[in-house]
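My entries follow in the order in which I looked things up.

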Amino acid sequence: MKNEELIAKMKAIVQPYVQDEGAFNELSEETTFVGDLKINSANLVDIILDVEDEFDIRIDNEEMEQMLSVKAAMAIVNSKIAT
Amino acid sequence: MTRVVITGMGVVAPNGVGLEAFNEAIKLGTSGVTYHDNLKAANFSCCIGGIPQVSEEKKLEYLTPLQLRGFNSSGILYGCMAGMDAWKDAGFEIDPDSDLDYECGCIFGTGTSGVEKFREAIYKVDAGEVKRMGSTVVLQTMASGISAYLGGILGLGNQVTTNSSACTTGTEAILMGFERIKNGHAKRMLVGSCSDDGPYIWGGFDAMRVMTYKHNDSPQKGSRPMSVSASGFVPGSGAGAMVLESLESAIERGACIYAEVLGGHVNSGGQRNGGTLTAPNPEAVQRCITSAIENSGIEAKTIDAINGHLTATSKDSLEIENWTKALGRTGADFPYINSLKSMVGHCLAAAGSIESVATVLQLKEQFVFPNINCEDVHPEILELIADEKIPKQLLKKELTIAAKASFGFGDVNACIIFKKYN
């Protein structure tokens, strides 16, 4: 999947949880979920569920711990949909 | 001694959502009981119930789209609505960035929280999908979910907790908040209670055959407290809330005062002397009422109106007998008495708070709301008190003191005394 396409999908997934609209508008691969977007850390598990549903994949606990930024999330999604 | 007054109220009831709609409905004797296909489909004997009408747009006035994601707890919804309304009614703003207020707390009761959400979660667990339950199962199903939601929405820094004592829950919450202010531990307490609706919360009562099955074709006639044709209670749901405040704080803020809480009492019959898990010990009920009167520093003869527990089961006559003995008043000397359950059904954990809101509205606006479905008062009750003391039409009356009592499973009792504020 192209990076732009993947970022657009990630953006749509995280939008409901975002507490900092400014950071969301400037979302890039480097953006972090809790630090930049001010997402409540409890909601990270909801984002994982939404990612799982969107891409029809399953993410394990170790991978989930890595998924703190858009870039990390994209890498994990890419590795799953490639296999 | 600190005096405690009510400076804000909110209510989500089957016959009226919001204080204004509810006030109008109780004066008109409007029933909020309707027929429910899902109860029929689940083979309930009783297919009627009282459910507040809340649109999706209305929900968004109280909770954010994020809070409503995966949200499936009707009781918490009703509790948040009533609690936030009461807070605003008392003259406070709701602002996520407000300063934390260590002088304000919350005691908001419930019976079972988020039973629909709990059902969802159990299906996930049983399917081996515990990881896919999402982040809000605990918050929606823990008993203290409602106080947790309200505490955060309003930024409360004093005690934030949930009480639970079956059908006395709401009345007990008010008394617990009252005592906290009285004891100088808080200046203001948001108090109230809420209850879920639907088959999963009502099913156990249907199984006990304590709900009426005779009015599936006439839902609005189903809830018949004090009537000879009463045949069991009608289930209800919703929430009621009050902001209690020290008189000093209320005057300092220039707040509108609905009424004063003079005092009250909470006790248990210990499932002795006729009391069981489901039936009240009459001696304890009478003692609860007389202790509430004593605690309030009034005399029984000064009570103008009673809002009873009166559920429309065979126990209504016993309740009236308990009141006559506790007050030492019978016949035409008995206070006016009514039961909101005739209009909304038995709102279970929410009953005490919704009914207390109705009682306080009566004092504020000087009226006694009508008992509906009570054209055929039970003869046992008429042997104890005069028919005219059970109003069937709206009465405009000067009221100074009103008593509210609730009795619950586990043989627990609560009685509270409100006074008009001048």
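**Entry 1: a helix crossing in chain B.** I looked at how H4(B) passes H7(B), and the crossing is right-handed. A crossing counts as right-handed if the near helix is turned clockwise from the far one by less than a right angle, and left-handed if anticlockwise. H4 (residues 74-89) and H7 (residues 145-154) of chain B have axes that come within 9 Å and cross at roughly 40°. Axes here are lines fitted to C-alpha atoms, for helices over the stretch in contact, and angles run from 0 to 180 degrees between N-to-C directions. I noted who meets whom. On the H4(B) side the residues include Gly75(B), Gly79(B), Gly83(B) and Trp87(B). On the H7(B) side they include Gly145(B), Tyr149(B) and Leu154(B). Contact means that the C-beta atoms of two residues, placed from the backbone, lie within 7 Å.

**Entry 2: ground rules.** I wrote down that this is a predicted model, in which local features need pLDDT of at least 70, side-chain atom pairs count only at pLDDT 80 or more, and totals for chains, interfaces and linings use all residues. Residues are numbered from 1 along each chain as its sequence is written, while chains are lettered from A and ligands numbered from 1 in the order in which they are written. Helices (H or I, at least four residues) and strands (E, at least two) are DSSP runs, numbered from the N terminus.

**Entry 3: a helix crossing in chain A.** Next I took H1 (residues 3-14) and H5 (residues 70-82) of chain A. They pack at an angle of about 115°, with their axes 11 Å apart. H1(A) and H5(A) are therefore roughly perpendicular to each other. The cut-offs are under 35 degrees for roughly parallel, over 145 for roughly antiparallel, 65 to 115 for roughly perpendicular, and oblique for the rest. The crossing of H1(A) and H5(A) is right-handed. Leu6(A), Ile7(A) and Met10(A) of H1(A) make the contact with Val70(A), Ala73(A), Met74(A) and Val77(A) of H5(A).

**Entry 4: what the record says.** In an unreviewed entry, UniProt lists "domain: Carrier" at residues 1-81 of chain A. That span is 58% helix and 0% strand, and its end C-alpha atoms lie 9 Å apart. For residues 1-420 of chain B, an unreviewed UniProt entry gives "domain: Ketosynthase family 3 (KS3)". This stretch of chain B is 34% helix and 19% strand, with end C-alpha atoms 18 Å apart. UniProt positions use the numbering given here, feature names are shortened, and annotations may be inferred rather than shown by experiment.

**Entry 5: strands of chain B.** I started from S1 (residues 4-13), where 10 of the 10 residues are buried. Buried means 20 or more other C-beta atoms within 10 Å of the residue's own, exposed means 12 or fewer, and partly exposed lies in between; C-beta atoms are placed from the backbone. Which strands pair with S1(B)? Strands pair if DSSP finds at least two bridges between them. S8 (residues 238-246) of chain B pairs with S1(B) in the antiparallel sense over 8 bridges. There, Val4(B) has Ser246(B) as its bridge partner. S2 (residues 16-17) of chain B is joined to S1(B) by 2 bridges, also antiparallel. Ala13(B) stands opposite Gly16(B), and a hairpin joins S1(B) to S2(B) through 2 residues. S9(B) runs antiparallel to S1(B), with 3 bridges. Val5(B) faces Glu260(B), and Ile6(B) is paired with Ala259(B).

I then followed S9 (residues 259-268). Of its 10 residues, 8 are buried, so S9(B) is largely enclosed by the rest of the structure. S9(B) also pairs antiparallel with S15 (residues 412-420) of chain B over 9 bridges. One of the bridge partners is Ala414(B), for Val266(B).

**Entry 6: two positive phi values.** Most residues other than glycine have a negative phi. Asp56(A) has a phi near 55°. Asp56(A) sits in the loop between H3 (44-55) and H4 (61-66) of chain A. Is Asp56(A) buried or exposed? It counts as exposed, with 8 C-beta neighbours inside 10 Å. Ala166(B) has a positive phi of about 50°. Ala166(B) lies in the loop between S6 (160-161) and H8 (169-182) of chain B. Ala166(B) is buried, with 21 other C-beta atoms within 10 Å.
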